[in-house]
Amino acid sequence: TLADGRVLVVGGHRGRRADIELFASIEVFDPVSGRFSDGGAMLVPRHKHDAVLLPGGQVLITGGADERDSEGVFASVERYDPESGTSAGMPALLLPRYKHRGSSVLLPDGRVLIAGGAGQAEIYDPSGSRSALVAGGPLSGQFSAVARLDSGEVLITGGYRIGSPPRREVWRYRP
């Protein structure tokens with residue numbers, strides 16, 4: 001959801017396996033009018049990615065995959081500007097990530113905790129300075145559930161890694 005209440009729909013796919021079609025499109029849904037409008041395009045067609053609203057109204061889009069799914073996972077990052085309808089490339093993630101929708105959380109200092117889609121959580125700095133893996137865990141995975149608490153801490157639950165069962169652990173990240 002953008003700062004003005006409109007909803008951004010970024011990329012995705014239609015179809016499956018050999019018939020899959022990936023999208024780079026960005027659409028903006030206005031709940032007041034009930035209509036969609038063209039919002040431009042990402043630099044790369046992707047699905048199974050994540051996006052988080054940054055201070056100032058821009059959107060950070062991270063990871064995802066191409067049509068090969070687990071064989072084509074991205075570490076790429078884009079910053080989307082809803083005012084201009086344009087995307088710009090950003091420094092890559094330290095780990096490629098996919099299946100991590102909803103696992104990116106804006107921290108009070110403006111950095112982003114990305115706690116899903118790979119074997120370890122990462123702090124991404126949208127200012128372009130160096131990002132870092134979270135030392136000592138949490139060990140995240142695909143489809144982790146992540147929520148920022150009122151205290152500013154982040155609760156990370158579940159997820160799985162390819163070839164292993166779902167996790168039962170819960171982690172609390174303290175910035």
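Me: Which side chain meets R172 in a salt bridge?

Reply: Side chains of opposite charge can pair when their charged atoms come close. In this predicted model, the side chain of R172 meets that of E153 in a salt bridge, at 3.3 Å from N to O. The pair links distant parts of the chain, 19 residues apart: R172 belongs to strand β14 (residues 170–173), and E153 to the loop between β12 and β13.

Me: Is E153 buried or exposed?

Reply: A residue counts as buried under 20% relative accessible area and as exposed over 50%, with partly exposed in between. E153 has 15% relative accessibility, so E153 counts as buried. R172, with a relative accessible area of 46%, is therefore partly exposed.

Me: Which residues are linked with E153 in a network of salt bridges?

Reply: The network links E153, R172 and R174.

Me: How many salt bridges does the count come to?

Reply: The count comes to nine salt bridges. One of them joins the side chains of K48 and D69, at 2.9 Å from N to O. This pair also connects distant parts of the chain, 21 residues apart, with K48 in the loop between β3 (35–41) and β4 and D69 in the loop between β5 and β6. K48 is partly exposed, because its relative accessible area is 28%. D69 has 21% relative accessibility and so counts as partly exposed.

Me: With which residue does R68 form a salt bridge?

Reply: R68 forms a salt bridge with D66, and the closest N and O atoms are 2.7 Å apart. R68 has a relative accessible area of 48% and is therefore partly exposed.

Me: Where does D66 lie, and why does D66 count as buried?

Reply: D66 is found in the loop between β5 and β6 (77–81). D66 counts as buried because its relative accessibility is 11%. When its neighbours within four places in sequence are left aside, D66 is in contact with L22, H47, G72 and F74.

Me: Let us turn to strands. Which way do the side chains point along strand β4?

Reply: The side chains of β4 (residues 50–53) alternate.

Me: How many bridges join β4 to strand β5?

Reply: Four bridges join β4 to β5 (residues 59–62), and the two strands run antiparallel. Taking A51 as a case, its bridge partner in β5 is I61. The hairpin of β4 and β5 has five residues between the strands, and G56 there takes a positive phi near 95°.

Me: In what sense do strands β12 and β13 pair?

Reply: Strand β12 (residues 145–148) and strand β13 (residues 154–157) pair in the antiparallel sense, over four bridges. V146 has I156 in β13 as its bridge partner. These strands form a hairpin with five residues between them, in whose turn G152 has a positive phi of about 95°.

Me: Finally, how many aromatic pairs does the structure hold?

Reply: The structure holds one aromatic pair. The ring centres of F29 and F36 are 4.9 Å apart and the planes lie at 50°, so the pair is tilted. A pair of aromatic rings is described by the distance of the centres and the angle of the planes. F29 itself counts as partly exposed, because its relative accessibility is 23%.

Terms used
Residues are numbered from 1 along each chain as its sequence is written. This is a predicted model: local features need pLDDT of at least 70, side-chain atom pairs count only at pLDDT 80 or more; totals for chains, interfaces and linings use all residues. Side-chain values use heavy atoms; hydrogens and water are left out. Buried means under 20% relative accessible area, exposed over 50%, partly exposed in between (1.4 Å probe, protein chains only). Two strands pair if DSSP finds at least two bridges between them. Rings of Phe, Tyr and Trp (its six-membered ring) pair if their centres lie within 6.5 Å; planes under 30 degrees apart count as stacked, over 60 as edge-to-face and the rest as tilted. Contact means heavy atoms within 4.5 Å. A salt bridge is a side-chain nitrogen of Lys or Arg within 4 Å of a carboxyl oxygen of Asp or Glu.
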